[in-house]
There are 2 protein chains.
Amino acid sequence: MTADTPANVRPVLIAGQWRVAKSSTTFQATDPNKNTKLAAEFPVSSWDDCDEALNAAADAARQLRKMPPSKIAAFLERYADRIDAAKETLVESAFAETGLAKSPRLGDVELPRTSNQLRAAAKACRTGNWAMATIDTAAGIRSVFEPLGPVCVFGPNNFPFAFNSVAGGDFAAAIAAGNPVIAKANSSHPETTRLLAEQAAEALAETGLPPATVQLIYRTSHADGECLVSDPRVGATGYTGSRGAGLTLKSAADRAGKPIYLELSSVNPVVITPAALAEKGEAIVGDFVTSVLMGTGQFCTNPGMVMLVGGAETDTFIAAVKDKFASLPAGTLLSPAVAKSLSSSVKTLCDFGADLLTGGGEPEAGRCAYANTLMKTSAKAFLGNPEGFQTEAFGNASLFVVANDVPQLCEAIGHLEGNLTGCVYTANNGSDDDAYASISFELSPKVGRLLNDKMPTGVAVSAAMNHGGPYPATGHPGFTAVGVPASLVRFGKLTSFDNVRADRLPEILKDKNPTGETWRMIDGKWSTSNV
Amino acid sequence: MTADTPANVRPVLIAGQWRVAKSSTTFQATDPNKNTKLAAEFPVSSWDDCDEALNAAADAARQLRKMPPSKIAAFLERYADRIDAAKETLVESAFAETGLAKSPRLGDVELPRTSNQLRAAAKACRTGNWAMATIDTAAGIRSVFEPLGPVCVFGPNNFPFAFNSVAGGDFAAAIAAGNPVIAKANSSHPETTRLLAEQAAEALAETGLPPATVQLIYRTSHADGECLVSDPRVGATGYTGSRGAGLTLKSAADRAGKPIYLELSSVNPVVITPAALAEKGEAIVGDFVTSVLMGTGQFCTNPGMVMLVGGAETDTFIAAVKDKFASLPAGTLLSPAVAKSLSSSVKTLCDFGADLLTGGGEPEAGRCAYANTLMKTSAKAFLGNPEGFQTEAFGNASLFVVANDVPQLCEAIGHLEGNLTGCVYTANNGSDDDAYASISFELSPKVGRLLNDKMPTGVAVSAAMNHGGPYPATGHPGFTAVGVPASLVRFGKLTSFDNVRADRLPEILKDKNPTGETWRMIDGKWSTSNV
């Protein structure tokens, strides 16, 4: 910034200093409830900022490698406590920037989830249970996942806390695995991100970690973003967001041989059998409407496609959902861009031949909003253009795909792209278990998480969670972005120690169990004992 | 092939049939001991062959998903027994095509290793211990790695059995994870590969697996290879070979979002301190010479670079190694291409300024061979052109890099690319433990396997082995190509089952432990018990 930088341009956090960015342009976030720009200006960093952050991160990575995991865990816990303590300010800021409800969503659900996720990551860090320590005493070889190096985190617009680049799942996993993070704020909630980073910086100082363990820039040019993820100083990148931007970054990272973990678009198909509707149709209507309209449908796992078999039950179901969609008020969307993109996707789907049952049209003018929207097409039409009909309409919209029978339904499922989730509702009485077998056989390979009798929104922080899925839902079908300890492994490098002298092994691989509760695979058996 | 296909053109194995390839050209392997073409001709398959193989593999993958792991394990075991029984024929063929010694190398080391690797994979398949079954009873979520889909395997030239695309580590891992394999033979030993595939086909029939579980083509155009690894019907690819061809395939697979596991080049630095040389220099000379000249240096983990600190001990060491290299006969190389590439790499290194201590020149004429070659440069020169001096000279050659002191040595190590291995020799008496700390701190992040007082050749099949490493040694620092069960995870897809009814869960995730010995993470604890 030049000397005439306005006082309200926010500083970046680089190498432990909140300083004026090296930047020539700024941006502002929008209050989606008013569709007006918020006052604070944020810098678009030049490569100089990125370069300094990378150097500082590389230094921090070296320092972190020498520190015991307990020290890193203490930081994560202190940061979690600070987030809880700063709840009021954080929630006000997130509300202003995203329009999401202060209660229960932001204050009572997402913020506690975020601090608890940091605590869960701290625990995995302290025990080392993410690192898969493996000991082969006969061969004299021991292996463990170690930190990979500085991690760039690009957070999405839809979770200002739980997936925030400076506090969310990727952040927690990267830090707990022993890596510094360079956070790139999402442009829709930069002030919330800055407020979180302030807490992180204080917690770093309080717990004695390298100041550059957490750094924050708000935005870069696209070209600099590509340079960032492919820089030799970077270990890996975590990205959650749109498919277009994600694939551009993936291409750059791939060329440089740098791991990049992406969470891209997903339509999250929900399959509902006629027998399920006959038995419990009203409850499913309620489940579905809540799932799509909660948070105005702005979830990675929003059920954007419902696959059905034609008939009286399905007609009744569709009519009931349509009534609810038409009568319930449209929620606020995160930003003008989200409203515009939703409107555009609905138009695309209708252009491909989907019938508009309710909603559609143009975004509202006075706030970021779009009518609750339902569309419908046949499985036959879907099979004629499967890629087109899988256009993601991110927000309060969904597409019914109606098949003639279960075999056609299964054929359509066979043409799905990779998705984060897939749900199957069947009758409790077992009358359509055969249909379930066919449906799940087709659906399971397409999704990261298969659900029964339950909508996909709601991603529990569980060791068994997979918030991932085959491409293009993510970039690799073997990794999860949510769930501890598995999400940490993404940011680890496997190192084998062959004939390394006993006193030179990392603590976690020495004969003595370092914590008394660290799980290690010793000669083919998982154990918390000493060797 | 047209009707006038010569009788000695070998058939491909597609969809369970040994049939004439759809091909317009053929190739022949070379007997490296005579530098003459072997008689058998092998077809270069057209895309039609690939397309049929892909369709058959996709069908086989669906069938395999319905089979119990014990059935797949039985195939791997039967195949292993058949390989052992066919030892004589296989060893004769491999000797004719590779020039590697029949004994001990091919018959007594590599072949038993190969069959035992298949048996180890069978065991991991039977127990499911590779699949990381995770059960969270409170959340009602259970996850496990499942088969990813058909796997293409491209094997290298240097291990006709243990890394063969139709019998080696990638093959065993892919099959044990429940996937069919499309094997692409290495052009240097196609007949050995065909003989192995014959045994595989018989074993498939004997154990009742889908015939297309194992398919074999010998060669394709480069363009078809790229189409193969990026085809929608493919789950993933395993590739071991040259960096150039590997990166071309990686690029194609990356664009399609298909996982590809690569094992590319590696110079495998060996760091030796003056104190180590003072204490046990003679033994290290023996270790090093054996390691580089064994198998004529044609190992992925061949020590192609030795990093030293200048002084009397180092001069003595280099002189002793030079004497041995000059006096020992040069072994046979795998093919004319290997000899040519080695000669070219040595020239490149000398052009960059390396001094030729012994060897060099042109390949022999009457057989595939090249003089045992040693080169030397300074750490200062290395630091001026680190990329150039890391040119891999695959074969019986190595480069000494001599530093002024330990700090300069460490600076040079900091400029290494990713490698499969890194070794450090220090004194047993602990006199240079400080140097070790500095050296290993720099070296460890650069390598997949860190060794003490031991050469890197010899890759034990151990659960703690990492035959992998940071790019460009491989494409991802978190995966190993050798070692069971970890190598299987590469060919798995993580699936989470959320609220899925108990009787619909995969056997491995049901309350009852399916084998009584399957390790599962149940509510945070690894256990072989029932839930």
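Modeller: A salt bridge is a side-chain nitrogen of Lys or Arg within 4 Å of a carboxyl oxygen of Asp or Glu. The model is predicted: local features need pLDDT of at least 70, side-chain atom pairs count only at pLDDT 80 or more, and totals for chains, interfaces and linings use all residues. Residues are numbered from 1 along each chain as its sequence is written, chains are lettered from A and ligands numbered from 1 in the order in which they are written, and side-chain values use heavy atoms, with hydrogens and water left out.

Colleague: Which side chain does A:Arg62 meet in a salt bridge?

Modeller: The N to O distance of this salt bridge is 2.6 Å, and the partner of A:Arg62 is B:Glu442.

Colleague: How many salt bridges does the rule find across the interface of chain A and chain B?

Modeller: Over all chains the count comes to 60 salt bridges. One that joins the two chains is between B:Arg501 and A:Asp453, at 3.0 Å from N to O. Across the interface of chain A and chain B, the number of salt bridges found is 10.

Colleague: What area do chain A and chain B bury between them?

Modeller: Contact (heavy atoms within 4.5 Å) takes 67 residues from chain A and 67 residues from chain B. Buried area is the accessible area (1.4 Å probe) that two parts lose on being put together, summed over both. For these two chains 53% of it is on carbon and sulfur atoms, and the total is about 5,600 Å².

Colleague: Which strand gives the most to the side of chain A that touches chain B?

Modeller: The interface holds 52 residue pairs in polar contact, with both residues at pLDDT 80 or more. Elements that each supply at least two residues of the chain A side include helix H8 (243–255), helix H15 (433–443), strand S20 (447–452) and strand S21 (492–498), a strand being a DSSP run of E of at least two residues. With seven residues, the strand that gives the most is S21(A).

Colleague: What area do domain 1 of chain A and domain 2 of chain A bury between them?

Modeller: An automatic or database assignment sets the bounds, with domain 1 of chain A at 12–24 + 37–123 + 145–263 and domain 2 at 269–452. The contact takes 10 residues from domain 1 and 11 residues from domain 2. Of the buried area, 57% is on carbon and sulfur atoms, and the total is about 860 Å².

Colleague: How many residue pairs are in polar contact between domain 1 of chain A and domain 2 of chain A?

Modeller: The centres of the two domains, taken over C-alpha atoms, are separated by 33 Å. The count of salt bridges between the domains is one, and A:Arg243 forms a salt bridge with A:Glu417, the closest N and O atoms being 3.1 Å apart. A polar contact is a pair of N or O atoms within 3.5 Å; within protein, one must be able to donate a hydrogen and the other to accept it, and residues adjacent in sequence count only if both atoms are side-chain atoms. Between these domains, the number of residue pairs in polar contact is two.

Colleague: Where is A:Pro485 found?

Modeller: The peptide bond from A:Val484 to A:Pro485 is cis, with omega near 10°. Most peptide bonds are trans. A:Pro485 is found in chain A, in the loop between S20 and helix H16 (486–489).

Note on methods
Helices (H or I, at least four residues) and strands (E, at least two) are DSSP runs, numbered from the N terminus.
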